[in-house]
Amino acid sequence: MTKLNILLLGSGGRESALAWKISQSPRTGKFYIAPGNGGTERYGVNVELSPLDFDGIGRFVADNSIDMIVVGNEDPLVAGIYDHFADSPVLVVGPSKAGAALEGSKDFAKHFMERHAIPTARYRSFTAATLADGKAFLETLRPPYVLKADGLAAGKGVLIINDLDEAKASLEEMLSGMFGASSATVVIEEFLSGIECSVFVLTDGNGSYRILPVAKDYKRIGEGDTGLNTGGMGAVSPVPFADKEFMDKVERRIIRPTVEGLKAEGIVYRGFIFLGLINVGGEPMVIEYNVRMGDPETEVVMPRLASDLVDLLEAAARGDLGDTPADHDPRTAVTVMAVSGGYPGSYAKGLPVTGNLDPGQSILFHAGTTRDADGRLVTAGGRVIAATSYGAGIADALAKSYAALEDLAFAGKYLRRDIGRDLMNL
């Protein structure tokens, strides 16, 4: 058995879940997380290194005989980390810069879907020079109006507005720099009504892929999906409506055309594809692509992946998934996120985290934690810790995750009490 020295890039809950799964593989040799957080240290060695410092990463790879880099978040991928190491022996799990444009440019993604007949909402893209045309296009749509910044905007670049005049004013503000260069181009979309889910695919760039467990996340801060959007307040897997009939449509209409389209266009893509889907009357449509795993969905997907993750990652990075399995655990998994008071607005950091940090019936995935000068665990972000639990169903798993978070304390702790409730009667 060949062991691999692995470097995982990132510091959030997604990286905690990936680190948890990677650390379980008998094929994992030396394992580093850069920069990691207060919880990833139990799975490997945290390294003070920015995921965007490609030269620094290169030196670390050489000095520590790293065999594989696993890229957790989108920024290094959009910046071209795959291309940076393309001529080196280290394997990189993630798409090339051209492939990362599926997330880095919503305009590119929509044109890609159009070219490959992948179902998505009707849209048009506009710049400051075509502002008047954009306002005219808004008049052809029914409310609510969906405006998306073309580039990365830290999850804040999408506006959904009910009033036409407000939508026109917001379009003008976006094109005037509301999100900096990210909104120099704005995509206006037809609003789709339905229930969303997240489908994750690992592909080797040569036409082979594996479908990972499907999940549904909860982005709004308030119960009943109210209030501001967050990075995600919880997730559930499996998703009741994503049955065999629905997933057969997803595979035939969306996954295969995406994987085959990337290959046909000569785009190197060896990593995860995140399909943000919406079920419109039983028909799947694409809301967005991401080029990495989602957060907090990874916190339920990794526990439900019954196969060796390192085997899968290496096979994908080598361009040959072959018959490498990606089996699913049949149990339900539910994640609930504990967040700082005030999030997603302003919030305090450096608050001590106390209580039971190793509950037997749940897994705690740290998202925004660190160690202070005295070695105490303290908060370092808006989303602090996610509790994930297995169960016979959503209610069973949910009760365990809530119990785990009740035993955890930090000032201002907040969590949604309705994660998964909308799925219980489907």
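How many bridges join β20 to strand β23, and in which sense do the two run? There are 4 bridges, and β20 and β23 (residues 383-391) run antiparallel. This is a predicted model, in which local features need pLDDT of at least 70, side-chain atom pairs count only at pLDDT 80 or more, and totals for chains, interfaces and linings use all residues. Residues are numbered from 1 along each chain as its sequence is written, and side-chain values use heavy atoms, with hydrogens and water left out. Helices (H or I, at least four residues) and strands (E, at least two) are DSSP runs numbered from the N terminus.

**Antiparallel sheet**

- The open sheet has 5 strands in the order β12-β15-β18-β23-β20, with antiparallel pairing; two strands pair if DSSP finds at least two bridges between them.
- β12 (216-217) and β20 (363-366) are the edge strands, each with a single partner strand, so one side of each has no neighbour in the sheet.
- Opposite F365 stands A386 in β23.

**Helices on the sheet**

- Helix α1 (residues 13-23) packs on the sheet and touches β20 and β23, its direction making about 130° with that of β20. Contact means heavy atoms within 4.5 Å.
- Axes are lines fitted to C-alpha atoms, for helices over the stretch in contact, and angles run from 0 to 180 degrees between N-to-C directions.
- Helix α12 (residues 394-406) lies across β15 (234-237), β18 (332-339), β20 and β23, and runs at about 140° to β23.

**Strand β4 and its partners**

- In strand β4 (residues 68-71), M68 and V70 point one way while I69 and V71 point the other way, and all are buried (under 20% relative accessible area with a 1.4 Å probe, protein chains only; exposed is over 50%, partly exposed in between).
- Strand β1 (residues 4-10) runs parallel to β4, joined by 4 bridges, and I6 stands opposite M68.
- Strand β5 (residues 91-95) pairs with β4 in the parallel sense over 3 bridges; V92 of β5 is the bridge partner of I69.

**Helices α5 and α6**

- Helix α5 (residues 97-104) packs on helix α6 (residues 106-115) at about 100°, with the axes 6 Å apart.
- That angle makes α5 roughly perpendicular to α6 (65 to 115 degrees; under 35 is roughly parallel, over 145 roughly antiparallel and the rest oblique).
- A98, A101, L102 and G104 of α5 meet K106, F108, A109 and F112 of α6.
- Buried residues of α5 are G99, A100, L102, E103 and G104, and they pack against α3 (74-78), β5, α6, α9 (244-264), β16 (269-280) and β17 (283-290).
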